[in-house]
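Me: I have not worked with this structure before. Could we go through a few of its local features together?

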Amino acid sequence: SNGAFAAILKDGSVVTWGDSATGGDSSEVQHLLKNVKEIQSAGTAFAALCADEGVVTWGSDRLGGSSLEVQGQLTEVHQIQATEGAFAAIRKDGSVVSWGNPLASNCSEQLRDVQQIQATKGAFAALLADGRVVTWGNKDLGGASRSVQDRLQ
């Protein structure tokens with residue numbers, strides 16, 4: 001994040017430190033941070049992917065630290081990616097769940113059979129099983145790919 005660290009220990013637990021406003025304090029979710037496989041950081045929040053394929057978030061609520069609105073959908077997750085203020089998770093069925101900054105977390109209905117997601121500071125790009133690329137988020141940070149869509153196949 002912009003001011004905190006999160007480390008996965010050998011036993012799968014997590015230690016955080018730094019600015020509490022940017023995710024340095026995970027005490028509210030510490031009991032959930034077990035068997036963590038991966039952590040992604042946004043500017044002021046973290047998301048941890050656990051061995052049970054669930055996701056735990058903490059940090060700035062409005063910029064991805066709270067996933068309460070989508071928590072029921074954050075199952076069978078196999079990848080998480082982060083922008084500066086949002087997260088996107090690919091589920092095993094190829095669907096995508098995103099949360100955080102509304103501009104970057106507003107998923108398109110085109111997101112089916114997603115294989116991989118990459119991110120810039122404010123946008124996401126998803127590679128679909130048919131080879132197409134779908135982008136969303138801040139248009140000035142890569143969220144608009146219409147002008148090159150024919151070359152992204």
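Me: Where is Glu76 found?
Reply: In this predicted model, Glu76 is in the loop that runs between strand E5 (55–59) and strand E6 (77–82). Its phi is positive, about 50 degrees, although Glu76 is not a glycine.

Me: Is Glu76 buried, partly exposed or exposed?
Reply: Glu76 is partly exposed, as its relative accessible area is 43%.

Me: And what is the phi of Asp113?
Reply: The phi of Asp113 is near 55 degrees, again a positive value in a residue other than glycine. Asp113 sits in the loop between helix H1 (102–105) and strand E9 (114–119), and at 46% relative accessibility it counts as partly exposed.

Me: Changing topic: which residues make the nonpolar surface patch?
Reply: Phe5, Leu9, Val15 and Trp17 make this patch of about 400 Å². One of them, Leu9, lies in the loop between strand E1 (4–8) and strand E2 (14–18) and is partly exposed at 40% relative accessibility.

Me: How many aromatic pairs does the structure hold?
Reply: There are four aromatic pairs. Among them is the stacked pair of Phe87 and Trp99, with 5.5 Å centre to centre and 25 degrees between the planes.

Me: Which parts does that pair tie together?
Reply: Phe87 belongs to strand E7 (residues 86–91) and Trp99 to strand E8 (residues 96–100), so the pair ties together parts that are 12 residues apart in sequence.

Me: Are those two buried or exposed?
Reply: Phe87 is buried, at 0% relative accessibility, and Trp99 is buried with a relative accessible area of 4%.

Key
Residues are numbered from 1 along each chain as its sequence is written. This is a predicted model: local features need pLDDT of at least 70, side-chain atom pairs count only at pLDDT 80 or more; totals for chains, interfaces and linings use all residues. Side-chain values use heavy atoms; hydrogens and water are left out. Helices (H or I, at least four residues) and strands (E, at least two) are DSSP runs, numbered from the N terminus. Buried means under 20% relative accessible area, exposed over 50%, partly exposed in between (1.4 Å probe, protein chains only). Patches are made of residues with over 30% relative accessible area and no salt bridge: like charges are joined within 9 Å, nonpolar side chains (Val, Leu, Ile, Met, Phe, Trp, Tyr) within 5 Å. Accessible areas come from the Shrake-Rupley method with a 1.4 Å probe; for residues, only the protein chains shown count as cover. A salt bridge is a side-chain nitrogen of Lys or Arg within 4 Å of a carboxyl oxygen of Asp or Glu. Rings of Phe, Tyr and Trp (its six-membered ring) pair if their centres lie within 6.5 Å; planes under 30 degrees apart count as stacked, over 60 as edge-to-face and the rest as tilted.
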